Amino acid sequence: MSDVLIVDDDDLIARMFSDWLHAAGFRTARAATGTDALDLVSRSRPDLILLDLNLPDIGGLAVCRILKDHERTHRIPVVVITASDRPEDRTHALDLGVEDFVNKPVNPKELLARVQALIRSSELSDRLLQAYTHMDELGEFADRYAHEIVADLKPAEVAWHVARQLLGAQPGDSRRPGFVWGSASFKGRVRGLGFWYLDGTIVSNPTVSSWHKVDAALSPFRTEEGQYLSNDPVPDGLRSLLGAPPELPLANFAAVRAGNDLVLAADYRRQVTPYEFPLLRSSVRYWAVFQRLWREMRRTEGAFVFLMEALALAAEFQDDGVASHIRRVNAYAKSLAHGVGSDPRFIRRIAVCAQMHDVGKITMPASILQKPGHLSPNEWDVMKRHTVNGARILKGPPELEMAARIARSHHENYDGTGYPDGTVGDEIPLEARIVKVVDIYDALRMRRSYKPSYSHEAAVNVLRLGDDRVTPSHLDPMLLEAFLDRQAHFQEIYEREPVHPVAAG
Ligand SMILES: [Fe+2]
Ligand SMILES: [Fe+2]
């Protein structure tokens, strides 16, 4: 049902227009002065305005200028009702952007025909504008995320963005729905998120259901395969599936399902029609493409992590290392990187790359790796090559660049006394400085063929004060401080992982 505002100081005429429009199914409001008219429009946007030019206060043309000058109101069609046959009045009104004229005495049929045609064309042009805006926003959205790694995004964040495209960047846009629900299949269940504006920000509510229930709730409103529409209040069963708050009226809705993805928009402040479908379909498609990409990325990343771990384990196999050591090193490195405020992508990366530090040991002869007692100077020289050999094994793919840097530089000392390059201070890559600290902590805690296991406190003391192998000047002071701050977390990580030898003996 459309709203028409009648602006005329002649009560008799205004009432007559109102009766005609009511009889044709319109809702009407009336204003007798220009000021009243502007006040009404500022509170509730009508779909069309019938405007008399001779108003007692600011005059019809002035009202028209104000309406056409403002972003919020300039698209409302204005029909001027006039008894004036002065051509300059018409020209002036046309210059201001008035859509049409109706001459007094008014013929009801003519008035209704013009009102209906104008509202219809204004609705269509609004939809067109909305579709273009939406297309533009989706393009912008895709472009922005093209620069991020899809696997770094959380589906809920993307769902929020898709919902915002539909709800509008600001609350109270009368062309947009007031509630949006998006869902996807997850382990056989339907996981949904409902979004709406509350006090100026978009809030959300997660729901879990089954396709059986969702299908049953939507099927009475099916118009075509995968398309649903209703101009009646959403029934209670569907409302509870959507998790909509009771204060939202949900007076109508339209939904599109594509495969196992569904987007539903409700609470439009106007009649919903099949024109909503293309917009909703583009949102569903966008959502589905994102999820497919996301799943693929996760799968690839899962395979990548698996292979990294397999390689790291293979390298540890002939040492007296333990499988849990490399997993713990990942967990500590992640914690320490977090502690020094690294960005999330760096943290994600180091959490899988730290374990590669000793991958070069795969190239070391067992006679050296498993030699009881001290190594000769020559053997030490060979042993030190596990750093450059590791970096060589990992050289190539950009995804392994961090792992290669860790493998090469995890025995560098902050004071420049380390190997293989003798690099000093911050020239040593941060990831390698981090692994250096955490590798020492874990090595101290583990029982090895040549040493007993240290308690947490004893290991922390060695890092802080040094011993015959480690001095604090080997470590980046910033990282040492962060380590000391988070030492309880390190202890927790060590004690959480049971120690399983990789190789017997
Ligand atoms: Fe090493
Ligand atoms: Fe290690």
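**Ground rules.** Residues count from 1 along each chain as its sequence is written, and chains are lettered from A, with ligands numbered from 1, in the order in which they are written. As the model is predicted, local features need pLDDT of at least 70 and side-chain atom pairs pLDDT 80 or more, while totals for chains, interfaces and linings use all residues.

**Entry 1: strand E3.** I found 5 of its 5 residues buried, so the rest of the structure largely encloses E3. Buried means 20 or more other C-beta atoms within 10 Å of a residue's own, with C-beta atoms placed from the backbone. Leu48, Leu50 and Asp52 point one way, Ile49 and Leu51 the other.

**Entry 2: its partners.** Which strands pair with E3? E1 (residues 3-7) does, parallel, over 4 bridges, and so does E4 (residues 78-82), also parallel, with 4 bridges. To pair, two strands need at least two DSSP bridges. I saw Ile6 opposite Leu50, and Ile81 in E4 as bridge partner of Asp52.

**Entry 3: the other sheet.** Next I looked up an open, antiparallel sheet of 7 strands, ordered E8-E7-E6-E12-E11-E10-E9. E8 (201-209) and E9 (222-224) are at the edges with a single partner strand each, so one side of each has no neighbour in the sheet. Inside the order, E11 (residues 253-258) joins E12 (residues 261-266) through 6 bridges, with Ala254 partnering Ala265.

Terms used
A residue is buried if 20 or more other C-beta atoms lie within 10 Å of its own, exposed if 12 or fewer, and partly exposed in between; C-beta atoms are placed from the backbone. Helices (H or I, at least four residues) and strands (E, at least two) are DSSP runs, numbered from the N terminus.
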